[in-house]
Amino acid sequence: MTQQNVVVSDTKSRIKRAVSVAQKPLVVPGKYNIQYSYPRSRRVLKNIEINGEQRINSWVDCMRASSPTQAKSILSLAEEQYTSWILRHPSALDMFEQIVDASQGKQIVMFLDYDGTLSPIVNDPDRAFMSHSMRKTVRKLAKCFPTAIVTGRSIDKVYNFVRLEELYYAGSHGMDIKGPSKSFKFNKDKKSEEVLFQPASEFLPMIAEVYQKLVEKTKSIAGARVENNKFCASVHFRCVDEKKWSELAQQVSSVLKEYPRLRLTQGRKVLEVRPTIKWDKGKALQFLLESLGFANSTDVFPIYIGDDKTDEDAFKKLIDRGQGLGILVSKFPKETSASYSLQEPNEVMDFLQRLVEWKQVRTRSYLK
Ligand SMILES: [Mg+2]
C-alpha cells in the first residue's frame with residue numbers, strides 16, 4: 001500500500017487539511033459501466049414532468065441509467081475515472097483517523113440506510129437479510145452513539161430484518177418515524193423520548209389503493225414486484241427483462257396519472273410512488289436530530305451512510321447544516337454529495353466496528 005499526500009479540500013466535510021491518504025492498490029471492482037452517469041439521469045428526471053410518450057421514454061432512460069445491467073466499459077478509462085473519483089471521495093476506512101479527529105468534542109449520531117448499506121442488494125427484496133455479524137455490530141454501535149435506520153421500506157419490514165429495539169427507525173423515506181422502545185440514554189430532551197411522526201398520514205388510504213392497482217397492472221410482466229411500504233409503493237424491476245422496462249413504465253404511468261398528488265422517484269432498480277409532500281431522508285435526519293435535542297446544537301457530528309439516490313437528500317442536509325459527513329456506499333464512481341465512500345456492506349461493518357472500538361478505548365481512558 002502506498003501513501004499519497006493530498007489536500008482534502010472538501011468543504012462539505014469541514015475537514016480541511018493536508019492528509020496522507022493510504023492508497024489501496026487500485027481494486028477494479030468487478031465491472032465498470034462507464035455509461036453510468038448521474039448528471040444524465042438528472043436531466044432525464046427533469047423530463048419526467050413532460051407528459052406522454054416522451055415521459056415514458058424518459059423513465060426508461062432513467063431506469064437504464066441508474067440500473068446498469070451490462071459491462072460496456074473500457075478498463076483503462078474506468079480505472080482513470082475511479083482514481084479521480086476516489087481522490088474526491090476517499091475511503092472512510094482509509095480516512096478513519098481524520099474523521100474521528102473532526103468529531104472531537106462532539107456527539108456522533110449515526111444514520112444508516114438499510115438496503116445496499118447494511119444488507120446486500122438481492123433479487124428478492126423480501127430476502128434482503130442482514131448478517132448476524134452486522135446485527136451484532138449495529139447493536140454495539142447503538143450502545144455507543146444514538147443510531148437511526150433511514151430507509152425507503154416500511155418500518156415493520158425493516159424492523160423484521162434488523163430486530164434491534166434500541167434504534168430509531170425512519171421508514172418510508174422518513175415519512176414514518178419512531179423512537180427506540182427502550183428509554184434512550186442519549187436523548188437530551190426527556191419529553192421527546194417517544195418520537196412518532198407521520199407527516200403524510202392522510203395519504204395512507206391512497207397509497208393502499210395505488211398499491212393494489214400497481215399489483216394488478218404489473219402482474220403480466222414477469223419479474224415485476226410491487227411492495228407496499230405504507231407511505232409509498234415500490235415497483236421493483238431488478239428481475240424484469242430490460243426489454244420489458246418500457247412496458248412496465250407505461251403501466252406505472254397509467255396508474256400514476258389518476259393521482260396528481262403522488263409522484264414518481266427512482267432508486268436502485270426500483271420505481272417508487274410517493275406523496276408530493278416535501279419530505280425526504282434529509283428532512284427525516286433533521287427531524288431526528290431535533291428530537292435528540294440537537295436542533296441548534298454546534299456540538300453534534302452526524303454521520304450518514306447510504307448507497308442510493310434517495311440518500312443524497314440526507315448528504316445535502318449535512319452540507320446545509322455544516323455538520324458531520326456523508327459516506328456513499330458504492331463500487332462505482334457516482335456523482336454524490338457524500339464526502340467519503342465505502343465499497344460494500346462488509347466495509348460498512350468494518351467502519352462501524354472501528355467506530356465502536358474507538359469509542360470504547362476513549363471511554364476506558366476517560367474512566368481511568
Ligand atoms: Mg439503500
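So, the magnesium donors: along the chain they follow the spacing D-x1-D-x191-D. A donor here is an N, O or S atom within 2.8 Å of the metal (3.2 Å for Na, K and Ca), and since water is not among the atoms, sites may look incomplete. Before I go on, this is a predicted model, where local features need pLDDT of at least 70, side-chain atom pairs count only at pLDDT 80 or more, and totals for chains, interfaces and linings use all residues. Residues are numbered from 1 along each chain as its sequence is written, and side-chain values use heavy atoms, with hydrogens and water left out.

Back to the ion. D113 (OD), D115 (O) and D307 (OD) coordinate the magnesium, at 2.1 to 2.2 Å. D113 sits in the loop between β3 (107–112) and α5 (132–144), while D307 sits in the loop between β12 (300–306) and α10 (312–321), so to speak two distant parts of the chain, 194 residues apart. Helices (H or I, at least four residues) and strands (E, at least two) are DSSP runs, numbered from the N terminus. D113 and D307 are both buried, and buried means under 20% relative accessible area, with exposed over 50% and partly exposed in between (1.4 Å probe, protein chains only).

Strands pair if DSSP finds at least two bridges between them. β12 and β13 (residues 325–329) run parallel, joined by four bridges, and I305 stands opposite I327 in β13.

On to the rings. There are ten aromatic pairs in the structure. Rings of Phe, Tyr and Trp (its six-membered ring) pair if their centres lie within 6.5 Å; planes under 30 degrees apart are stacked, over 60 edge-to-face, and the rest tilted. Why does F111 with Y304 count as stacked? Because the planes are at 15°, with the centres 6.4 Å apart. That pair links strand β3 to strand β12, 193 residues apart in the chain. F111 counts as buried at 1% relative accessibility, and Y304 is buried too, at 0%. Y114 and F161 make another stacked pair, 5.4 Å centre to centre and 10° between the planes. Y114 is in the loop between β3 and α5 and F161 in helix α6 (residues 155–162), so this pair ties together parts 47 residues apart in sequence.

Which residues have the most contacts inside the largest nonpolar core? M63, F111, L214, V252, L262, V273 and Y304, out of 54 residues in that core. By nonpolar core I mean a set of buried Ala, Val, Leu, Ile, Met, Phe, Trp, Tyr and Cys residues joined through side-chain atoms within 4.5 Å. Helix α8 (residues 245–256) gives the largest share, six residues. Domain 1 (109–185 + 192–198 + 280–366) and domain 2 (202–275) both contribute, so the core lies between them; the bounds come from an automatic or database domain assignment. There's also a second, separate core of 43 residues, including L141, F161, V162 and L325.

β8 (residues 225–228) and β9 (residues 233–236) pair antiparallel over four bridges, with E227 partnered by S234 in β9. Four residues lie between the two strands, and K230 in the turn has a positive phi of about 70°.
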